[in-house]
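Here is a quick tour of a protein chain for someone meeting it for the first time. Have a look at the fold before reading on.

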Amino acid sequence: MEGPRGTKKEEFNQVLILVNYVFRKHIGIEHNMGKWYPLLFNEDNLENMRIIIEDNKPVSHIGISECEITIYGCRTKIGSIGSVCTYPEYRKRGLATLLLEDSMRKLDKDEVDIMLVSGGRGLYKRASCVEAGRVYNFKIFQNEIGKLNNQEVEILPYKEENLEDMVKVYQRESVRFFRSLEYFERILNTGAAMDRKAEILTIQKADELLGYLAVQLPEKGKGKKVSKIAEYSGVRGAIVEAVKCIFDRYNLQELNFNIPFYDEELIYMFKKMGFKSAMVNIPGTIKIINFPRLMKRFHPYIEERLGKKKADLLKFSQQDDKFTIRFNQEQFNTDASKLAQIVFGTYNEREREMIPKEGKMAKVLRTIFPLPFIWPGLNYV
């Protein structure tokens, strides 16, 4: 056995054969992993295509996409994990576990603070990856679109000439990925979003681009036509108006629209129209790789919430998978399986049961957490 290690240039196509076999050919669908996931499968990312070699070929793979993100002006790095697979005849040897452990070490070395995994199987949960985040899942039905009056926008398929305007729109988001112009263009041309065929639609009024939507195409043979918004950005009022356009374009019976809890403006608009929602987690599972470093990067956010004096009294430490928060003379200890839920919240707010009920520490934790967590959207791997 050789590895875990990065992929060599001459092994790139062999890795694509592996992931396409496991995720596509093996279950009888189109070979498209390289096209759908260009953030993982490109020659600039070879070191993050982690593999194990046996019998002179890659037999197990885990993909990492490292990205900078900004949350209310605080910058950190996230490592998205996907395309984790092993040829059937090499399974049950612990190869995926070796790759995951190797990936977490690499993420920490690369100063990545948060790991987002596009799955929730036992492999990830054994590594203390947990469901976390807080998102409003709105289900909008065809018989409700009469509530959407005064439609003044139109939706049009994305064209290359829209790219710079879309970058400007996305830059205004308070919680977002850092995407270079080339990076953004790459993910807009995949024809997919969050593991489904998708279309990128611009929202326009009188030739002004007000926003965009990444819309998963309705699947055929599923009875009623249901679609999902994989990512949105732009003027919130224009996004609301565009919902009726989406129903008309695809002749939908139902549209699923996920809105993170911090987007209070859009949530307010949808609720005001009477649309119903349920709370859900961010898709996949999350683990905090380096807690003290993450909190250091969020010190400006904490200072704004608590004031400088109190923020400076907060201390964060980590020893393996044990974590400690200190404030004045108070100390709070937790473990990796709870930490991400405390920091980023959960759909049912069960993190409230994990923190102190009284004292100054309790008030501090309730004030600074949960932090907003980024919706994976077009960065989903």
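What follows goes from the whole chain down to single residues.

## Ground rules

This is a predicted model, where local features need pLDDT of at least 70 and side-chain atom pairs count only at pLDDT 80 or more, while totals for chains, interfaces and linings use all residues. Residues are numbered from 1 along each chain as its sequence is written, and side-chain values use heavy atoms, with hydrogens and water left out.

## The whole chain

Let's start with the parts list: the protein chain has 13 helices and 18 strands. Helices (H or I, at least four residues) and strands (E, at least two) are DSSP runs, numbered from the N terminus.

How far does the C-alpha trace span along its principal axes? The answer is about 60 × 55 × 35 Å. The radius of gyration of the protein chain is 22 Å, which agrees with a compact globule, because 381 residues would give one a value near 21 Å. That radius is taken over C-alpha atoms, and the globule rule is 2.2 Å times the number of residues to the power 0.38.

Of the 381 residues, 55% count as buried. Buried means under 20% relative accessible area, exposed means over 50%, and partly exposed is in between (1.4 Å probe, protein chains only). The chain exposes about 17,900 Å², and carbon and sulfur atoms supply 46% of that area. Accessible areas come from the Shrake-Rupley method with a 1.4 Å probe; for residues, only the protein chains shown count as cover.

Among contacts between residues at least 6 apart in sequence, 72% join residues at least 24 apart. A contact means heavy atoms within 4.5 Å.

As for charge, the protein chain has 60 positive and 52 negative charges, and their mean positions are 5 Å apart. Lys and Arg count as positive and Asp and Glu as negative, while His and the chain ends are not counted. The place of a charge is taken as NZ of Lys, CZ of Arg, CG of Asp or CD of Glu.

Helix α3 covers residues 95-109, which makes 15 residues. From its first C-alpha to its last, α3 reaches 21 Å, close to the 21 Å expected at 1.5 Å a residue. The expected span is 1.5 Å times one less than the number of residues in the helix. The buried residues of α3 include Leu95, Leu99, Leu100 and Leu107, along with Asp102 and Lys106. After α3 comes Glu111, whose phi is positive, near 65°.

Two cis peptide bonds can be picked out. One joins Gly3 and Pro4, with omega about 5°, and Pro4 has its place in strand β1 (residues 2-5). Another runs from Phe369 to Pro370, with omega near 0°; Pro370 lies in the segment after α13 (360-368).

Met194 has a positive phi of about 50° although it is not a glycine. This residue is found in the loop between β9 (192-193) and β10 (196-205). Glu349 also has a positive phi, of about 60°, and is not a glycine either.

| Residue | Relative accessible area | Class |
|---|---|---|
| Met194 | 10% | buried |
| Cys245 | 8% | buried |
| Tyr250 | 8% | buried |
| Gln341 | 7% | buried |
| Asn348 | 39% | partly exposed |
| Glu349 | 33% | partly exposed |

Where does Cys245 lie? It lies in helix α7 (residues 236-250). Leaving out residues up to four places away in sequence, Cys245 touches Gln151, Val153 and Ile155. Cys245 and Ile203 are 42 residues apart in sequence, and their C-alpha atoms are 9.6 Å apart in space.

Over in helix α12 we find Gln341. Beyond neighbours within four places in sequence, Gln341 is in contact with several residues, among them Val130, Glu131, Ala132 and Met354. Asn348 lies in the loop between α12 and α13. The C-alpha atoms of Asn348 and Ile374 are separated by 18 Å, with the two residues 26 apart along the chain.
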